[in-house]
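User: I would like to learn how to read strand pairing and a nonpolar core in a model. Please take me through one case.

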Amino acid sequence: MIPAPFDYHRPSDLKGVLALLQEHGDEARVIAGGHSLIPMMKLRMAEVPHLIDLQSIDSLKGISIAGTKVTIGALVTQHDIIDHPELGRVAPILKETSLQIADPQVRYMGTVGGNVANGDPGNDMPGLMQCLDATIHLIGPNGTREVAARDYYEAAYMTARDDGEVLTAISFDAPAGGYAYEKQKRKIGDYATAAAAVTIQKAGGKVASASIAMTNLSDTPVWSEAAGAALEGTTCDAAAIKAAVAAMLDDIDPTEDNRGPVAFKRHVAGIILTRAITRAWDRA
Ligand SMILES: Cc1cc2nc3c(=O)[nH]c(=O)nc-3n(C[C@H](O)[C@H](O)[C@H](O)COP(=O)(O)OP(=O)(O)OC[C@H]3O[C@@H](n4cnc5c(N)ncnc54)[C@H](O)[C@@H]3O)c2cc1C
C-alpha cells in the first residue's frame, strides 16, 4: 500500500528536530532507519503528516568504548554493531543478538535507537538492554534525562519517552563473564516466538550473579529478577536452571497470535531460556 501524504523534514541538528517536534506535536514523528515506521505507514497503521529524518544528525552516530563503559548512538545500525571488532570483544552479546535480527538488508538500515524507542514487544534490543541494565538517554524541550531500560517500557508501543523527546544514545557497563542471546523464530527474518538474553558472572565455581530478560512473551520485554536470583549461589545445575525457568514463566504473560497458542509459547520460552542459560554458563 501507499502511505498517506506527508511532509519530509531533514534538520541538520538536534535543535532543529526538537523545534519541529514542538511545532507539529502529535502530527510529527522522527524516522531513523524506517524499517518499522515505513511499513506501519504503508499499512496505514500509522499516519504521520510530518516525518522528521534523523539521518543528518552526526551527534547520534558512533559507538564509544571507555574501559567497560559502552555508549551507542541512536543511529548506530545493527550492521555497525556486527562490524565493530572492539565492541565484539567488550560486549559480544550485542553482536550475537544483532546477527539474529531480521536479515542483512534490514540490519544495514535498522538502528539501535529505533529498535529500542519503538516499543514493539517483538524487537530484540529492548530485552537485551534490560539484561545489561542499560541506560536510555533522551533529549527534549526541557533538556536531557536518563531512564533505566528496565523502567522504560510501559505497554506495547508505550514507553517512558515523551512525544517531544528524542532518544540520543544507550549506554551500559559491559559485564564480564558468560553471555548468550538465544532466539526461536519461524523462519529467517522473522521476529521471535521467544528470545532470551542471559549474562552470568562466575566466582569459585558458582554463579555470582545472573541477569535474564526475554522478548515477545508479554507486551513489554521481561527482565526477571527472580529468574536471575534462582541461579545465584548455585553451580548452574539442572535444578537451578529449572528454578530459573519456573521463575521466568511466572513473570511472562504471552498471548495467542500467529506464532502459536499460549501453551506453545510458554513451552518454547522454557526451552530457549534453558539453552541460553546453559550457553552463558559454559562461557562464564
Ligand atoms: C522484514 C523485517 C524484519 C525485522 N525483524 C526484526 C527482528 O527479528 N527483531 C528486531 O528486533 N527487529 C526486527 N525488525 C526491525 C528492525 O530491526 C529495526 O530495528 C526497527 O525497524 C527499528 O529501527 P529503525 O531505525 O528502522 O526505526 P524506525 O522505523 O525509523 O522508527 C521506529 C520507531 O521508533 C521511533 N524512533 C526511531 N528512532 C528514534 C529516536 N532516536 N528517538 C525517538 N524515537 C525514535 C520512530 O518515530 C518510530 O516510531 C525487522 C524489520 C523488518 C522490515
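Predicted model: local features only at pLDDT ≥ 70, side-chain atom pairs only at ≥ 80, totals over all residues.

User: In which sense do strand 11 and strand 12 pair?

Analyst: Two strands pair if DSSP finds at least two bridges between them; strands are DSSP runs of E, at least two residues, numbered from the N terminus. Strand 11 (residues 178–185) pairs with strand 12 in the antiparallel sense over eight bridges, and Tyr179 stands opposite Thr199 in strand 12. Six residues lie between the two strands of this hairpin, and Gly189 in the turn has a positive phi of about 90°.

User: How many bridges join strand 12 to strand 13?

Analyst: Nine bridges join strand 12 to strand 13 (residues 206–215), and the two run antiparallel. They form a hairpin with two residues between them, where Gly204 in the turn has a positive phi of about 60°. Ala203 is opposite Lys206 in strand 13.

User: How many residues of strand 12 are buried?

Analyst: A residue is buried if 20 or more other C-beta atoms lie within 10 Å of its own, with C-beta atoms placed from the backbone. In strand 12 (residues 192–203), nine of the twelve residues are buried.

User: Which residues touch the most other members of the largest nonpolar core?

Analyst: In soluble globular proteins, nonpolar side chains tend to be buried together. A nonpolar core is a set of buried Ala, Val, Leu, Ile, Met, Phe, Trp, Tyr and Cys residues joined through C-beta atoms within 7 Å. Here the largest has 77 residues, and Val198, Met214, Ala244 and Ile277 touch the most other members.

Terms used. Residues numbered from 1 in each chain as written. Helix = DSSP H or I, 4+ residues; strand = E, 2+ residues; numbered from the N terminus.
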